[in-house]
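Hi everyone, thanks for making time this morning. I'd like to walk you through a few local features of one model, so let's bring it up on the screen.

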Amino acid sequence: MDLNYFSNEIPPEMDPTWTTTILVVPCVVVLTAGFFYLYGAIISLLSKTSVRNKVVVITDALSGLGKECAGVFHRGGSRLILCGKSWEKLEGLADELENASDPTVTFPPKLVLLDFGDMDSMAAAVAEVLDCYGCLDILIFNSSMKVKAPAQSLSLETDKLLMDSNYFGPITLAKGVLPSMVSRRSGHLLLVNSIQGKIAVPFRTAYAASKHAVQAFFDCLRAEVEEFGVSVSTINHTFISCSAAPASTSLLWPLLFSRKPGGVSPDEVTAEIIRTLNNKRKEVLIAPSLPKMAIYARSFFPNVFFAVMAAGVKNSAASENM
C-alpha cells in the first residue's frame with residue numbers, strides 16, 4: 001500500500017474550494033436577506049412620504065382590498081375619503097383606523113355613501129366627494145360586481161346592473177373629478193380591474209363585457225389627459241382573495257387560471273398600488289405565467305385560444321354530468 005497516497009491527500013474539510021464555499025454561502029444569504037429588508041424598508045418609507053397630505057379617494061372601502069388600502073394610506077398620512085354602500089360600516093372602519101393610529105400624524109377619514117349600481121345618486125355622491133377637501137390627488141377605483149352564468153340565463157336587467165356597477169358608475173365619478181384635476185394640472189386615477197378586461201372566458205359574458213368597457217375607457221382617457229399632468233393607471237389581476245381557491249373540476253381551466261392557493265392577497269395588491277402610484281406606471285398585470293400567455297395567445301393565436309375555451313366548456317359540462 002502506498003502510504004504517500006494518504007499523506008498527500010487533502011481532507012475535504014481542508015480543501016480550499018470547500019473552505020471558500022463555506023465562507024461565501026452564508027455571506028450571500030446574509031446579503032440577500034439584507035437587500036430584501038432594505039428594499040422593504042425603502043418601499044415602506046416611499047409609501048408614507050409619497051401619500052402624506054395627499055387627498056386619496058377609495059371606492060368600495062369596505063372590501064378586503066379597500067380596507068387594506070385604507071389602513072396603508074391612513075398610516076401614511078393621507079387625507080382619506082372612504083366610499084361605500086353602508087354608512088354604519090364606513091363609520092366602523094373609520095373608528096378602527098383612528099383607534100389604531102397616532103392622531104398627531106394622521107387625519108380623520110371623511111366618509112361618502114357611494115353605490116355605483118345606483119346611477120340616480122351618482123351626481124350627489126360626486127359633488128360630496130369634491131366638497132370634502134375641494135380637490136383630490138388620487139382616486140382608486142376598486143369596486144366590482146361579479147356574475148357567472150350562461151348568457152341566455154341572464155336577464156337584460158342584470159346585464160344593465162353590471163354595466164352600471166362596473167362601467168357607468170366608475171366613469172361617472174372619473175368624469176366628475178377630472179375638471180378639478182385638469183385645472184390643477186395634477187392628479188392620478190388608478191383603476192383596479194380584472195384580467196377579464198383583457199381576455200374573455202365563458203359564462204362571464206356581462207362581467208367580461210363591463211370589464212372590457214371600463215378598461216378601454218381608461219386606456220383612451222390616459223392619452224387624453226396626459227398633457228394636463230393627470231396620470232391614469234390600470235392594474236389587472238386574476239382575483240383577490242384571503243382564502244384558498246376551490247379546486248377546478250375542469251381539465252383545461254387550470255391552463256388559464258393557474259394561480260397560487262388563496263389568489264392574490266389584498267396586501268400584495270395594495271403594495272402594487274403604492275408602487276404604481278410612485279412610479280406612475282401606466283399598466284400593471286398581476287397574474288401567473290399561464291394567464292399572461294393566454295392574453296398573448298388571444299392576440300397572436302386567436303383560433304387556438306378560442307379552441308381551448310370551447311374545449312374547456314365541453315370538459316366542464318362533462319364533469320358536471322358525471
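In which helix is Phe300 found? Phe300 belongs to helix α10, which spans residues 289-300. Please keep in mind that this is a predicted model. Phe300 counts as exposed, because its relative accessibility is 59% and the cut-off for exposed is over 50%.

Now let's turn to a pair of helices. Two packed helices are described by the distance between their axes and the angle between them. Here I have α3, residues 64-75, and α4, residues 87-99, whose axes come within 10 Å and cross at roughly 35°. The crossing of α3 with α4 is right-handed. On the α3 side, the contact is made by Lys67, Ala70, Gly71 and His74, and α4 brings in Leu93, Leu97 and Glu98.

Last, some backbone angles. Asn53 sits in the loop between α2 (16-49) and β1 (55-58). Its phi is near 70°, a positive value in a residue other than glycine. Is Asn53 buried, partly exposed or exposed? Asn53 is partly exposed, as its relative accessible area is 42%.

Arg185 is another one to click on: it is not a glycine, yet its phi is positive, at about 55°. You'll find Arg185 in the loop between α6 (156-184) and β5 (187-194).

Technical notes: Residues are numbered from 1 along each chain as its sequence is written. This is a predicted model: local features need pLDDT of at least 70, side-chain atom pairs count only at pLDDT 80 or more; totals for chains, interfaces and linings use all residues. Side-chain values use heavy atoms; hydrogens and water are left out. Helices (H or I, at least four residues) and strands (E, at least two) are DSSP runs, numbered from the N terminus. Buried means under 20% relative accessible area, exposed over 50%, partly exposed in between (1.4 Å probe, protein chains only). Axes are lines fitted to C-alpha atoms, for helices over the stretch in contact, and angles run from 0 to 180 degrees between N-to-C directions. A crossing is left-handed if the near helix is turned anticlockwise from the far one by less than a right angle, and right-handed if clockwise. Contact means heavy atoms within 4.5 Å.
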